[in-house]
Structure formats: C-alpha cells, structure tokens
Amino acid sequence: MNLVIVESPAKAKTINKYLGPNYKVLASYGHIRDLPSKNGSVDPEDKFKMIWEVDSFSKKYLKEIADAAKISKKIILATDPDREGEAIAWHVKEYLEEKKLLKDKEIERVVFNEITKKAVTNGIDNPRNIESNLVDAYMARRALDYLVGFNISPILWTKLPGSKSAGRVQSVALRLLTEREHEIELFKPEEFWSLNVDFKTSEGVILNSNIVMLNNSKIEKFFFKNKADINNAINLIKKSNYKISDISSKVYTRNPIGPFTTSTLQQTSSSKLGFGASRTMQIAQRLYQGIDIEGDTVGLITYMRTDGTNISNDAVNDFRTYIKKSYGENYLPKEPNNFSGKKAKNAQEAHEAIRPTDITRSPETLKKFLSTDQIKLYDLIWSRALSSQMEAAKFDRKTITIISDNNLNQFKCSGSTIKFDGFLKLTRIDENEDEKIIPDVNKDDVSIDKFIDEQHFTQPPPRYSEASLVKKLEELGIGRPSTYASIISVISNRGYAEVINKRFFPSDRGKLLSAFLEKLFSKYVDYGFTAGLEDQLDDITAGKEEWIKVLEKFWKDFNLNVSSVKEKRTREVLDLLNESLGELIFESNNEGEIDRKCKLCDKGELSLKNSFRGGAFIGCSNYPECKFTRPLSKSKANEQFSLAEPKLIGKNDNNKDIFLKSGRFGPYLQYEKIEEESITK
C-alpha cells in the first residue's frame, strides 16, 4: 500500500477516488506543529533554533498517519503547491522521522495545481524532493512573526493595557487604516461648482455639453470655486452665438483583462458579490478541493493561492475551442491573449492564474450541484477566465464640438456605442459601460436651451474596504496570496478596527496601538522596510539569500529597539503618544494651537490615559480632584454626546457651578455637593 498525505479531508476523498485501492489518502488537517507561545521557542543565540509542538487537535490525525505509515511501502507528501504546503510536507516528514517510521520507506513529494484525475495522476508520476528553499523561507517567516509578536506584545500589555498583541504584517496594515482615518478626521471640505450647457439644434435636438474652454481659458475640475464664478460664466456664455464646428467619430478598442490571481479575485468578489476575503477563500478552497457531481467528486477550479497571471497551453486551447463553438469565430482572437507579463513576486506562488479545470462546465450546468455562494464565485472565475481569451470589445465614440462665434468658448458633447461586444458578452469591467447614444446632427447654428449648474464639495479619501486594502497591500509589496485574508481577519478579531458598511473604521484601541508602534517601533511598521523583508523572504525561496543571515540582520537592530522601549516608563510612553496624536485627540484654540487645558477644573492638563478595562481615554492630570474624562476620539465624543468638553451652564441655589458633561449613558449635569453637616451648621 502507498500512503498519500494531503491537507484536507475533502481533498483526500477526491484524490482517493482517482488513485484507487492501492493508495490510502489521509489528511493532516493543515499544519501539524507550531511554535508554542512561550519564551525560547525561537533561540536567536543558537542559530534561531526552533522548538516545534504538536497541537492537541492534530494528535489523533497524526496517530492515524503514523499507523498507516508503518504498513506502507511508499509515503507520498501531496500537500498544497505553495510555501505553506511545502512546510506542512516537511513537518510531516520530520514527525515521521522522529517516530522512526521512515526506515526502508520511499518518500516522495508531489504537487498538482488542480484536483482532476489527469493532474493527480500526472503529479504522482512525476515526484520530486521537498524543496529546502521553500522550507527555509517558511522558517524565516515563522521566526520573524514569532520574534516580533513575542517581544512587542508583552510591552503592549504593560505600557498600553487593553492592547492584545502586535503582528509583523498586521501592524503595517493597521497603520494604513489609521493613516486614512487621520486624513479623514483632518479633512476640510472645499466648495466647487460644475456647469453644463444644453444646446438646441434647429431640429429641436438637445445636446448636453461640457465646457472645455471659457474666454480662451481651459476649464479644469475646480475652475468654478463658488456661485459667483458660475454666474460670471453664464453671463459670459450668453454674450456669444454658437455653432457646431466639428462632428468626429472614432473607433476604439477595450482589451480583456487577465484571469484572476488571489488578490484580484478577493477584490472583485468583494466589490461585485460582497464577499469578504476569508469567505472568498473558503468558497474557492471548496471549489478547488472538489464538489460532488452525480457521484463523482470533481475539482472545479485550479489552485486559488497564486500570483501568476498565465494559463497553461492546454487550457488556452480548450478555451479557444469553446469560444469558437459557443460564440462564433468573430469572438476568437487570431492569437491567444497573453497575460504573463506581470512577474510574480514569488516563484513558488507563480502557478497558473485561477481558472476552471474544465471550461465546458459552464455555471448554468453546475447550478444544481453548487450552493448559491459557490455558483456566484464559480461564475465570476469562469467568466473572467474565458473572457480573457476572447476578442477585444469595439466602441464607436462620437464627439460634437460647439464653439462661440469669437472662438473663445468651446463645448463638447460625447457618447459611445458598442460596435462589437467581444469579451463584454461575458463580463463587464465596471458598471458604467452603458451606451450613451449621440443623435445625428449637422454642422449648424445652435442656441442655448438651458444652464445646469451644481454645487459640490471635495470629499475626504474613502475608508478602506477589504478589496481596496488588499489592493493597497499588493501595491506596496506587503503580504502574499496566502496571507491577505488572515491579515484582515486578525485586525478585526483583535478589536483594532470594525467593519461598518463594508468599510474599516479603526477603533480607539487600534489608533493607539498604531501610534505606539509608529512612535517606538517606526522601522518595523515602515512600508518600505516591510516590503523589503518580503522580498528577502522571496530571495530565500529563490536560493539567493540564506535564511539565518536574514534573521541575524533583522534581530540585531530589532532586539536593541525592544530593549530601549522596555526601559521607558508608561507615563513617558503616553506623553510621546500625546505628542504624536496631538490635533487628532485634543481640541485647538482660535490660533490653531493644541489646547490641552481642562475646561472642568481649569487647572489640570488633559492627557492620554489608559485602563485595563476600558482601554484608552482622555483624562485630567488633576485627578482625583478633577474626574473629567472623555473618549479618545474627538469625533466620537461629539457624535455620542454632542459635547467633547464639559460646559459651564450656570449656578445652583447654593452658588455652585453646574456643568453639562458627557458620560457612558449620555449627557448629565454635575455640581459640587454640599455636605449635610455644613448645611446644618
């Protein structure tokens, strides 16, 4: 008997059917070992030696694997075809060696990019060794994450009570969220106006036109600052007569976009289907591992963690045959479209793009076998992959130019119609591709029919959604296909940000943590440094760097940084954060300077404080004499209570000041209580 070890039971079931009775396929259920959360799991003094521990969940599955290994002739490690999969294969082999179960056994490593009979049997027929470079890169990444988390987290517990932990990559992603939130909080909207003109031809045709030039000045977006500018423009436009000077028509093409990578799938799934990154990957994993179709378990898509944008030649040929048969020869390009120009950041993740394993399985034919969410995601993948090999779409763009009799004012009226839909028959790039038909007109005089003016205000940058955060991380070179979903879930699960209307809102705890790290560990939340470290891990994978040297270089500076922060008193840390967060958490006076004077006691200074139970808040330095507190966020204080600072509203019968304040349950009144003893006297 031959023992095959994969990661998931669903995958095991599918592969067992393909391989037959001479093979026993068992699942490891993901990683079987990890670094225990205690001091010494990684030892920088002993070449970063790691102590691995089998978790309780894995023990029963490892017993089953060990028992099967004893009676097996050959052991085949068939975990996923990426760095994590290679690491799991290595862990299983190490575990079996420690149990002395590999003596006189053949051991092989096989990979397949899709769970189909052809791919599985081809993988079994072409075994290889475990790639040590991939394992080294995994070791380096795991050690880095441990060293950062295990050294910074205890500092957080003492200096910033309420903060749970800090992750190497998650902290950088959190910085993106908090920086965007700061931009929004500091944003001051500016007014601007737009002006369109409806012209009427002699036949009564209305042409809605944009101003291109006014009094020989080019019109930009913020040209009209206020209503007065609009009124001046209207008066100027009215002084001239107008005619159509040019009618042009131009055909332009729009090329299809490539099939999905992990990040583009997550982004598109989020924007079109409303699925979060984790949900998208869970559904994709199921489609990859296999769905029961009329008694057969079939893997429907290729491996879903990939940076690659290419498609195999066999698949391209199948796509082209299907396009010609289903849509006609005019939808088929003369040569296959090539999307392999984008170089994957990591060779081990440069698999094929995500595509259907069999393009003839259209979404329509699979509806009865898939859940609602599964069919939605499969449809997205199928349509995107197939459309990538279709002909470009062709548009007919018509532009009408209208000018004044003195040639100083110019207007344009444009619209596009689809001449040939091409790949758009299957998938729209965006929802704004509706046709705008421009009527047929002659070069003739036109008259002003109507002015359409509208007031606008500049908007702050939008908060990140899961899709835009993944896109930004990818642009910065931070994270990899296997990590995007976990980065996002950790930020939410630890209370550093909450998702409202599919947008990330950093919590006060998240803002405080981000400010803390940026002030005291600035190098390690720097975008360039983090991206550079990712590149070094990729270089380890490619055999260009030694993993121990990468860790030594990192640890030397990081350890010094940790030691210096440990020596700082908590009050010193909070003072640094007062300075760092400044105008974001404190009010400003009329001169625009930060005003930290307590409005309640008029003596103390407002400062950042922290508590184990409630986390960060603003309090008075004159405590306990003055018990003024408010939330960390100025905007939150105003939103919740419509009052950021206490307000003196008068005196009571005993001539004591009455203040309107904000508390946990809303606004309340406070005044100094006169003791009963003094009243009786």
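Student: Among contacts between residues at least 6 apart in sequence, what share joins residues at least 24 apart?
Tutor: In this predicted model, the share is 69%. Contact means heavy atoms within 4.5 Å.

Student: What should I know about the numbers here?
Tutor: Residues are numbered from 1 along each chain as its sequence is written, and side-chain values use heavy atoms, with hydrogens and water left out. Local features need pLDDT of at least 70 and side-chain atom pairs count only at pLDDT 80 or more, while totals for chains, interfaces and linings use all residues.

Student: How many helices and strands does the chain have?
Tutor: The chain has 20 helices and 25 strands. These are DSSP runs numbered from the N terminus: helices are H or I with at least four residues, strands are E with at least two.

Student: What percentage of the residues count as buried?
Tutor: Of 681 residues, 49% count as buried. Buried means under 20% relative accessible area, exposed means over 50%, and partly exposed is in between (1.4 Å probe, protein chains only).

Student: Which residues have the most contacts inside the largest nonpolar core?
Tutor: Phe 516 and Phe 521 do, in a core of 140 residues. A nonpolar core is a set of buried Ala, Val, Leu, Ile, Met, Phe, Trp, Tyr and Cys residues joined through side-chain atoms within 4.5 Å.

Student: Which helix gives the most to this core?
Tutor: Helix H5, residues 132-159, with 13 residues. Phe 521 touches Ile 152 and Ile 155, among others. Its partners also include Phe 516, Phe 558 and Val 562, not counting residues up to four places away in sequence.

Student: What about a second core?
Tutor: A second, separate core has 23 residues, including Trp 193 and Val 441.

Student: New topic. At what angle do H15 and H18 pack?
Tutor: Helix H15 (508-520) and helix H18 (570-581) pack at about 100°, with axes 10 Å apart. Axes are lines fitted to C-alpha atoms, for helices over the stretch in contact, and angles run from 0 to 180 degrees between N-to-C directions. That makes H15 roughly perpendicular to H18. Under 35 degrees is roughly parallel, over 145 roughly antiparallel, 65 to 115 roughly perpendicular, and the rest oblique.

Student: Which H15 residues meet H18?
Tutor: Leu 512, Ala 515, Phe 516, Lys 519 and Leu 520. Among the H18 residues they meet are Val 573 and Glu 579.

Student: Glu 352: buried or exposed?
Tutor: Glu 352 counts as buried, at 13% relative accessibility. Glu 352 lies in the loop between helix H10 (313-327) and helix H11 (363-366).

Student: Which side chain makes a polar contact with Glu 352?
Tutor: That of Arg 355, at 2.6 Å. A polar contact is a pair of N or O atoms within 3.5 Å; within protein, one must be able to donate a hydrogen and the other to accept it, and residues adjacent in sequence count only if both atoms are side-chain atoms.

Student: Which peptide bond is cis?
Tutor: The one from Tyr 623 to Pro 624, with omega near 10°. Pro 624 is in the loop between strand S21 (615-620) and strand S22 (629-630).
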